[in-house]
Amino acid sequence: MSDMNSMNREIKKDQLRRQIVPALPQKDEDSNEIIKRARTKVKKKRFKIFLVVLLLLSAGAVSLYTYFKYCQYTGYSVIWEKSLNEGSYVGYLSFGSNVLKYSKDGASYIDSQGKEVWIQSYEMKSPVVSVNGPFAVIADQQGNSIYIFDKTGNTGMATTVLPIVKATVSAHGVVAVILEDSTSNYVYFYKRDGSSLDVKIKALLGGDSGYPVDISLSPDGTQLIGAYAYLKNGTMNGRVAFHNFAEIGKSVPDRLVGGFDEPYEQSLVAQVRFLDDTYSCAFADNGISFFSTKNALSPELIKQVPAEDEIKSVFFSDKYAGLILNNSEGENTYKLNVYKSNGNLVFTSGFQYQYTHADIDGNLVILYNEDSCRVYNMSGRLKFSGTFDFPISKIRNGRFPNTLIVTGPQNMKEIRLQIGGQYQ
């Protein structure tokens with residue numbers, strides 16, 4: 001009995017001790033480990049949110065790209081309209097993201113909202129214009145005046161002794177002009193300030209090089225491609241020649257680093273153009289040729305595209321070159337072919353539209369006449385076909401994917417293309 005009482009007392013004492021003395025706490029977790037796990041959870045959560053947002057943005061971008069690529073506009077509305085001083089209007093040329101207007105008595109640079117950034121007055125009987133990147137040159141054909149411009153205005157002037165035939169400019173402001181006298185032609189060069197460079201090329205119709213028909217400078221100004229005509233066995237033939245004016249070209253007579261005659265036997269090359277510092281093209285009556293100057297001392301003919309029919313128009317940008325051919329087969333009157341700068345075909349499309357001008361602006365091919373236009377994308381899809389209630393002199397890309405800048409002799413409008421909209 002006493003043993004039982006003693007046992008009970010011990011049990012009660014043990015219970016009382018447990019109530020008075022709490023159990024020892026467990027060892028705290030390492031605080032850095034807790035913080036690390038919390039940060040990992042936050043990072044995972046943020047990454048999941050980022051992936052969701054990225055997927056939504058990608059889906060939206062794909063949808064938007066698909067929409068602009070495949071949709072066809074049927075109407076337009078006018079965003080803004082600006083009256084222009086007509087003067088002795090001659091023409092417009094794309095200059096950067098804006099437009100260069102030139103006439104016999106002056107030129108003006110007009111921005112994408114119809115505002116004149118600068119105006120330059122001069123007097124020319126027959127102004128011809130060349131644009132390359134941020135520089136433009138206006139020369140008086142069969143006259144002696146040369147004006148050089150950048151986007152801020154006139155950078156220099158030059159006066160020639162001999163009459164001017166053609167002029168071209170590089171993206172750094174170097175100007176090359178073809179001058180002629182009674183027996184020969186010359187190519188002279190000028191800096192952006194109008195001062196002459198100690199470089200010239202002399203050419204004779206019956207000489208080794210031939211008679212220069214057209215020239216084009218590379219954007220960096222170190223290379224020149226020329227279209228020449230020469231007599232062979234009493235027949236006029238074409239030639240494409242390359243000159244290099246960099247340090248590497250000093251070792252070559254007349255800086256002539258390459259010439260191509262065979263592709264143009266009994267054909268004439270009417271126009272040449274450096275599309276960028278590597279690729280160039282030549283338009284002849286028998287087709288279009290694409291060249292590469294990756295090897296500066298050995299230009300290469302990389303592709304020759306024969307004309308399937310008579311060439312009606314040629315046009316180009318810094319990335320593409322295009323031909324419009326008469327189409328003797330099928331229901332379409334004309335055939336439009338567009339090529340990349342390396343000569344690869346981008347698309348071909350037949351059409352019946354009676355155009356007077358053809359341009360490439362960005363990723364659009366724009367055909368137009370005095371009161372209507374047709375616009376294609378680089379998939380060959382017709383994006384817009386419409387008419388206007390005022391004379392058209394130039395059409396180019398607007399500030400947004402579905403807008404165009406439409407310019408006439410007296411006014412300029414930016415229009416927004418619409419699906420199912422009305423012409424207004």
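The side chain of His-243 forms a polar contact with the side chain of Tyr-228 at 3.3 Å; such a contact is a pair of N or O atoms within 3.5 Å, where, within protein, one must be able to donate a hydrogen and the other to accept it, and residues adjacent in sequence count only if both atoms are side-chain atoms. The model is predicted: local features need pLDDT of at least 70, side-chain atom pairs count only at pLDDT 80 or more, and totals for chains, interfaces and linings use all residues. Residues are numbered from 1 along each chain as its sequence is written, and side-chain values use heavy atoms, with hydrogens and water left out.

A polar atom of the His-243 side chain also lies 3.2 Å from the backbone oxygen of Asp-254. His-243 belongs to strand 16 (residues 235-244); strands (E, at least two residues) are DSSP runs numbered from the N terminus. Neighbours within four places in sequence aside, the contacts of His-243 (heavy atoms within 4.5 Å) include Ile-201, Thr-222, Leu-224 and Val-257.

| Residue | Relative accessible area | State |
|---|---|---|
| His-243 | 4% | buried |
| Tyr-122 | 5% | buried |
| Tyr-147 | 11% | buried |

Across the whole structure, a search finds 19 aromatic pairs. In one of them, Tyr-122 and Tyr-147 are tilted, 5.3 Å centre to centre with 40 degrees between the planes. This pair links distant parts of the chain, 25 residues apart: Tyr-122 lies in the loop between strand 5 (116-121) and strand 6, and Tyr-147 in strand 8 (residues 145-150). Rings of Phe, Tyr and Trp (its six-membered ring) pair if their centres lie within 6.5 Å; planes under 30 degrees apart count as stacked, over 60 as edge-to-face and the rest as tilted.

Six bridges connect strand 6 to strand 7 (residues 135-140), and Val-129 has Ile-138 in strand 7 as its bridge partner.

Terms used:
Helices (H or I, at least four residues) and strands (E, at least two) are DSSP runs, numbered from the N terminus. Buried means under 20% relative accessible area, exposed over 50%, partly exposed in between (1.4 Å probe, protein chains only). Two strands pair if DSSP finds at least two bridges between them.
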